[in-house]
Amino acid sequence: MVLLATLATVLIVSTGVRAYAAEAFVVPSGSMLPTLQIGDHLVVDKLSSTVHRGDIVVFRRAPGDHDTEYADLVKRVIGLPGETISSSGNTILIDGRPLAQPWLPKETGICSQAAADISTTTIPPGQYFVMGDCRGDSSDSRVWGTVPASNIIGKVTVVVWRHNHPWVHWF
């Protein structure tokens, strides 16, 4: 009887944590290389209500994204609600000023290819402009537009598994 009560408690607590606090996801594509690898297992914080520039988020597909291969995507937040975003070459401009991107790793290979231009756009209230770190190989807000805050599942907090081995990296 004690074992049954313990199992029931574990099931209820784990279901509650997954539904409201944290959830595991697997990176489906190479758009975040080299920061995140294809197949990385992530833990996403679903309780964080504030999204900041530079955060890596998991979200349900944006309304303008008609590629149904993946239901959930992972990208980095570049532009915040109310800001004006554009680009000049590979330099991203926020409200006309160049954006420093200390989080962006050195890009090589396909990731170093020229990024698509961002035409001057004001990000609507409650929306975020997201991009993959592998700028030359990422379908993101440059292609399908902004992501509503309601689509954001949570912020990536840690990678717990990489290349079929335990591997911990905190964000």
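Colleague: Where is Lys75 found?

Modeller: Lys75 sits in strand E4, which covers residues 72-79. Keep in mind that this is a predicted model.

Colleague: Then what does the side chain of Lys75 make a polar contact with?

Modeller: With the side chain of Ser31, at 2.8 Å.

Colleague: OK, step back. How many helices and strands are in the protein?

Modeller: The protein has 2 helices and 12 strands. Along the sequence the pattern reads α-β-β-β-β-β-β-β-β-β-α-β-β-β.

Colleague: And how much of the protein counts as buried?

Modeller: 40% of its 171 residues. Take the contacts with a separation of 6 or more: 62% of them are between residues 24 or more positions apart.

Colleague: Back to charges. How many salt bridges does a search of the whole structure find?

Modeller: It finds 7. One of them joins the side chains of Asp55 and Lys155, at 3.4 Å from N to O. That pair links distant parts of the chain. Asp55 is in the loop between E2 and E3, Lys155 is in strand E11, and they are 100 residues apart.

Colleague: Are Asp55 and Lys155 buried or exposed?

Modeller: Asp55 is buried, with a relative accessible area of 16%. Lys155 is buried too, at 15%.

Colleague: Give me another. Which residue does Arg76 meet in a salt bridge?

Modeller: Asp133, at 2.8 Å from N to O. This pair also links distant parts of the chain, 57 residues apart. Arg76 is in strand E4, and Asp133 is in the loop between E9 and H2. Arg76 counts as buried at 4% relative accessibility. Asp133 is buried as well, with a relative accessible area of 0%.

Colleague: What about Asp65? Which side chain does it meet in a salt bridge?

Modeller: Arg61, at 2.4 Å from N to O. Asp65 is buried at 9% relative accessible area. Arg61 counts as buried at 17%.

Colleague: Strand E11 came up. How many of its residues are buried?

Modeller: 8 of its 11 residues, so the strand is mostly covered; E11 runs over residues 152-162.

Colleague: Which strand pairs with E11 over 5 bridges?

Modeller: Strand E2, residues 41-45, in the antiparallel sense. There, His41 has Trp161 of E11 as its bridge partner. Strand E3, residues 56-60, is antiparallel to E11 and joined to it by 3 bridges. In that pairing Val57 stands opposite Lys155. Lys155 is also the residue that meets Asp55 in a salt bridge.

Colleague: And E12?

Modeller: E12 covers residues 165-170 and runs antiparallel to E11, with 4 bridges between them. Val159 has His169 in E12 as its bridge partner. The two strands form a hairpin with 2 residues between them. His163, in the turn, has a positive phi of about 50°.

Colleague: Next topic. In what order do the strands of the open sheet come?

Modeller: E7-E6-E5-E8, with antiparallel pairing. E7 and E8 stand at the edges, each with a single partner strand, so one side of each has no neighbour in the sheet.

Colleague: How many bridges join E5 to E8?

Modeller: 2 bridges, and E5 covers residues 84-88. Thr84 has Thr122 in E8 as its bridge partner.

Colleague: What about the loop between E7 and E8? Where does Gln101 lie?

Modeller: Gln101 lies in that loop. At 16% relative accessibility, Gln101 counts as buried. Beyond its neighbours within four places in sequence, Gln101 is in contact with Ile78, Ile92 and Arg135. The side chains of Gln101 and Arg135 make a polar contact of 2.8 Å.

Colleague: Last one. How many disulfides does a search of the whole structure find?

Modeller: It finds 1. Cys111 and Cys134 form it, with their sulfur atoms 1.9 Å apart. The torsion about the S-S bond is about -95°, so the disulfide is left-handed. Cys111 is in the loop between E7 and E8, and Cys134 is in the loop between E9 and H2, so the pair ties together parts 23 residues apart in sequence. Both cysteines are buried.

Methods
Residues are numbered from 1 along each chain as its sequence is written. This is a predicted model: local features need pLDDT of at least 70, side-chain atom pairs count only at pLDDT 80 or more; totals for chains, interfaces and linings use all residues. Side-chain values use heavy atoms; hydrogens and water are left out. A disulfide is a pair of cysteine sulfur atoms within 2.5 Å. Buried means under 20% relative accessible area, exposed over 50%, partly exposed in between (1.4 Å probe, protein chains only). A polar contact is a pair of N or O atoms within 3.5 Å; within protein, one must be able to donate a hydrogen and the other to accept it, and residues adjacent in sequence count only if both atoms are side-chain atoms. Two strands pair if DSSP finds at least two bridges between them. Contact means heavy atoms within 4.5 Å. A salt bridge is a side-chain nitrogen of Lys or Arg within 4 Å of a carboxyl oxygen of Asp or Glu.
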